[in-house]
Amino acid sequence: RHTRYWRDWSSDVCSSDLIKEIFDNASTKVTLITRPRRFGKTFNLSTLHNFLASEVARQKTAGLFDGLKISTVDNGHYMQYQGKYPVIFISFKDIKANDFDLAYMQLYNLIVGTFNSHSYLKQSSKLSDDNKNLFEIILGRKADRAEIENSLKTLTTCLFEHHGVRPWLLIDEYDTPIQSGYLNNYYDEITDLMRAMFGAALKTNLSVDRTVMTGILRVAQASLFSGLNNVNVYSILSSKYSEHFGFTESEVHDLLQEAGLHNKEAEVKSWYNGYIFGGTTVYNPWSIVNYIHYQGVRKFYWLDPRSNRLIRSLLSDSDDTAGIRKTLNALLKGEDVIQEI
């Protein structure tokens, strides 16, 4: 019951605010939003997918946003875009391997699966012979590395030729392969591959309308987005989109009221307050949703030691390990630390 409340209510917030803000930021052709894990990145990108595409997972999206704020804001101006775009939605969350060869095969399978979700293009009479041939090669698992590196660009071109409308490219957890490569000593190899793929898809690709990417880390532009000057990055320090990843204080208030936990606000603030994104106080949605689901049981829902390997590695390998430990000890004692970022 409470999960249903959260899905219905948070979809209303997301559709009104994030989608509107994305469309209002039309001059930005490539948007990269970085947030910690469990702060709603995939949920928000999925909502955007359902807004843009006419069909997702063979289900029509018409009517999904009726009655939500996005359907009434500015006299329903934004609803003219609902269901009007072909969309490529791809998530790199499962590209986690101990060596490059396995990571490459995982990526290869992901690309084939993404092409398969648009398999209707095989019957299109609008595709050029060259692009239809490339589409068949990738779908038939006969692609070489160069064709895999250009695969996302190929798919955007095929969609544009077929629909006559430039597609949106939605990329979730773009940095997971890079993290895995760093931790398993094939960083240079995987970065070269991802740089080539993103470069082809994002740089001067006239077949794509907009690209929205999410991830945890801001990978250095020189290492991954070399040559791309059209990527706008919005981190937790940015005011833009600051309210849309995580719940604001007013949203937490409304959620607790609806769940019948209105007397728990002080407790929730004591346990789960503490994140500030771009000047906005936000709560981790995973913690809040679970707190409500379990009827106010206090736990450290957000913690997951399995996901902290990168942090442990960076702390132990730092040139200033002693200084970092001193700082952490100060924080654990409840002292204040001022750090320039």
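Predicted model: local features only at pLDDT ≥ 70, side-chain atom pairs only at ≥ 80, totals over all residues.
1. The strands concerned are E9 and E10 (residues 280-283), which run antiparallel and are joined by 3 bridges.

2. That pair belongs to an open sheet of 3 strands, in the order E8-E10-E9, with antiparallel pairing. Strand E8 (247-248) and strand E9 (275-277) are its edge strands, and each pairs on one side only.

3. A further open sheet is formed by 5 strands in the order E4-E5-E6-E1-E7, and here the pairing is parallel. Its edges are strand E4 (87-91) and strand E7 (231-234); each has a single partner strand, so one side of each is left without a neighbour in the sheet. From one strand to the next, the twist averages 15°. As a general point, strands of a sheet pair through backbone hydrogen bonds, in either a parallel or an antiparallel manner.

4. E4 and E5 pair in the parallel sense over 5 bridges. Within this pairing, Ile90 stands opposite Ile171 in E5, and Ser91 stands opposite Asp172 in E5. E5 also pairs with strand E6 (residues 211-215), again in the parallel sense, over 3 bridges. There, Val212 in E6 is the bridge partner of Leu170.

5. How many residues of E5 are buried? The count is 5 of the 5, so E5 is largely enclosed by the rest of the structure. Side chains in a regular strand alternate between the two faces of the sheet. In E5, Trp168, Leu170 and Asp172 point one way, whereas Leu169 and Ile171 point the other way, and all are buried.

6. Turning to the whole chain, the protein contains 14 helices and 10 strands. Its radius of gyration is 22 Å, close to the 20 Å that the globule rule gives for 341 residues, so the protein is as compact as a globular protein of that length. The C-alpha trace spans about 65 × 55 × 35 Å along its principal axes.

7. Some totals complete the description. Of the 341 residues in the protein, 47% are buried. Among contacts between residues at least 6 apart in sequence, 78% join residues at least 24 apart. The accessible surface of the protein comes to about 17,600 Å², and carbon and sulfur atoms account for 49% of that surface.

Technical notes
Residues numbered from 1 in each chain as written. Heavy atoms only, no water. Pairing = 2+ DSSP bridges. Helix = DSSP H or I, 4+ residues; strand = E, 2+ residues; numbered from the N terminus. Axes fitted to C-alpha atoms, helices over the stretch in contact; angles between N-to-C directions. Buried < 20%, exposed > 50% of the residue type's maximum accessible area, 1.4 Å probe, protein only. Rg over C-alpha atoms; globule rule 2.2 N^0.38 Å. Contact = heavy atoms within 4.5 Å. Areas by Shrake-Rupley, 256 points an atom, 1.4 Å probe, with all protein chains shown as cover.
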